[in-house]
Amino acid sequence: MVGRTGQGRRPTASDTDTASAWLAAVAEAASRAAGGVPVELLGDYLPLLAEAAATGRRPKRSELKVVDALGHRAAELGISAGSAVELYLSAAWRLWRQLPEVARSDDPEEVRAAAEAVLHVVADSVATLAEGYTQARRQLVRWEETLRRELIDDLLRGDADVGGLVERAEPFGLDLSRTHRVALAAPSGRSTNAEAATSSLEKVMLDWLGDRDVLVATKEGVLVVLAPADADPKATSGAQGTSRLGERMHAELSRLPRGKPWRIAVGRGYAGSYGIARSYEEARDTLTMASTMHLDSPVIYAEELLVYRVLFRDQPAMVDLVRGVLGPLTRARGGAEPLLATLEAFFATGGVVTDTARRLHLSVRAVTYRLDRVKALTGHAPTNPAHRLTLHAAVLGARFFGWPQHELPAR
């Protein structure tokens, strides 16, 4: 007991065995009370408490380093911080209740001094355990984030080591044998909090699709969502809006104070690790094409632009089409742009002159005059179904190349 100076008998081997068995029993009881946390995480904590009660000695720095390491170990084992602390506190009060020195003492001062010494050890040990645990968790989070970022980069690039990708994807809940699609979200606002946007979008996606086969990350300033293509969530209406991936992403991102307006591009679904890379390339091409062609819709699916991919696959032929069909418009008063804008609106409204006039804020007479000028200069009548496809394809090509603001590419 703390404060005693008298000589006692020398401890025997039997005394040591009895003390060890007693401490082991306390440790096992504390482990059960903490939900089965391994006894090994106590280390020499109980002997330190017992010695503190007997001598008042506080733990040495080297002994606390061991406790710090035990905190790291608890984090690595996936044990919660609360369970680890509960193990230490439960062990402390169980040991205190059974301390022979406390049970036999009639001196309140000696009991008080022993309690103070034990509490010092508990405070030092628990604080050190928690600090070691926190440091380990931070390291694990950083390490996991690094692995996650490298995995996503390799998936989107189409890494050749398929076996390695399958093994690395499994801890993140990704089954690469399933069919996945990639969606990209590009902000238009200059100041975007990418971390906040990623966190918000990830929460919504996980709540909606579940925590498997879903990854949300950033790449080159664009938000990336990897999701199963065959997902069929039950919620298809209500406050959340829609069951389609692109629309759900846009609805969530539009709530954020920064980055608006967002443009979403969604690739088609493909199976396997190479399918993820293919879907990503489609989504990226779709995002680029939608921006280049000034498409109005904030959400574009790759399958919706397949006809454009066909049209622009042969770029020299498209250049010839734009130059040959629309080139004469440059001779009009005011240049080609007003007539080109009229054609674009005319086709967007399904060839309805009144709707075209409303969209352009012109009179019906002005729109009719412009359409007649197009026919006179190009020889193609916009109102003639036989000529409409040629003119429409040429207009799409002009917008793709940025003509007439920019020169057409050389053949």
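These are my notebook entries on what I looked up in a predicted model of one protein chain.

**Entry 1. Overall make-up**

I began with the secondary structure and found 16 helices and six strands in the protein chain. I then looked up burial: of the 411 residues in the protein chain, 42% are buried.

**Entry 2. The nonpolar cores**

Which residues touch the most other members of the largest nonpolar core? This core has 37 residues, and I listed Leu42, Tyr45, Leu46, Leu49, Leu87, Tyr88 and Leu95 as the ones that do. The elements giving two or more residues to this core are α1 (13-33), α2, α3 (61-76), α4 and α6 (108-157). Helix α6 supplies the largest share, nine residues.

I examined leucine 46 in particular. Leaving aside neighbours within four places in sequence, leucine 46 is in contact with Leu23, Val26, Ala27, Ala91 and Leu95. I also recorded a second, separate core of 34 residues, which includes Leu329, Ala357, Leu371 and Val374.

**Entry 3. Aromatic pairs**

A pair of aromatic rings is described by the distance of the centres and the angle of the planes. My search of the whole structure gave four aromatic pairs. One of them is formed by tyrosine 45 and tyrosine 88, with 4.3 Å from centre to centre and 35° between the planes, and this pair is tilted. Tyrosine 45 lies in helix α2 (residues 45-55) and tyrosine 88 in helix α4 (residues 81-98), so the pair ties together parts that are 43 residues apart in sequence. Are these two tyrosines buried or exposed? I found both tyrosine 45 and tyrosine 88 to be buried.

I turned next to phenylalanine 312 and phenylalanine 400. Their ring centres are 4.2 Å apart and their planes stand at 15°, so this pair is stacked; the cut-off for stacked is an angle under 30 degrees. Phenylalanine 312 is in the loop between α11 (306-311) and α12 (315-326), while phenylalanine 400 is in helix α16 (residues 385-401), so the pair ties together parts that are 88 residues apart in sequence. Phenylalanine 312 has a relative accessibility of 10% and counts as buried. Phenylalanine 400, with a relative accessible area of 25%, is partly exposed. I noted too that Phe312, Phe400 and Phe401 form one aromatic cluster.

Arginine 244 lies over the face of tyrosine 301, at 3.8 Å from the ring centre.

How many bridges join strand β2 to strand β3? I counted five between β2 (residues 215-219) and β3 (residues 222-228), and the two strands run antiparallel. Lysine 219 stands opposite valine 222 in β3. The hairpin has two residues between the strands. Glutamate 220 is found in this loop between β2 and β3. At 68% relative accessibility, glutamate 220 counts as exposed.

**Entry 4. Backbone angles that I marked**

Most residues other than glycine have a negative phi, and most peptide bonds are trans. I therefore looked for departures from this pattern. Glutamate 220 has a phi near 55°, a positive value in a residue other than glycine. Histidine 361 is not a glycine either, yet has a positive phi of about 60°. I located histidine 361 in the loop between α14 (353-360) and α15 (364-378). Its relative accessibility is 72%, so histidine 361 counts as exposed.

For the peptide bonds, I marked the one from tryptophan 403 to proline 404, which is cis, with omega near 10°. Proline 404 lies in the segment after α16.

**Entry 5. Glutamine 405**

Where is glutamine 405 found? I placed glutamine 405 in the segment after α16. With 52% relative accessibility, glutamine 405 counts as exposed, the cut-off for exposed being over 50%. Leaving aside neighbours within four places in sequence, glutamine 405 is in contact with Glu337 and Arg399. I also looked up alanine 336, which is 69 residues from glutamine 405 along the chain; the C-alpha atoms of the two are separated by 9.5 Å.

How values were computed. Residues are numbered from 1 along each chain as its sequence is written. This is a predicted model: local features need pLDDT of at least 70, side-chain atom pairs count only at pLDDT 80 or more; totals for chains, interfaces and linings use all residues. Side-chain values use heavy atoms; hydrogens and water are left out. Rings of Phe, Tyr and Trp (its six-membered ring) pair if their centres lie within 6.5 Å; planes under 30 degrees apart count as stacked, over 60 as edge-to-face and the rest as tilted. Helices (H or I, at least four residues) and strands (E, at least two) are DSSP runs, numbered from the N terminus. Buried means under 20% relative accessible area, exposed over 50%, partly exposed in between (1.4 Å probe, protein chains only). A charge sits over a ring if NZ of Lys or CZ of Arg is within 6 Å of the ring centre and within 35 degrees of the ring normal. Two strands pair if DSSP finds at least two bridges between them. A nonpolar core is a set of buried Ala, Val, Leu, Ile, Met, Phe, Trp, Tyr and Cys residues joined through side-chain atoms within 4.5 Å. Contact means heavy atoms within 4.5 Å.
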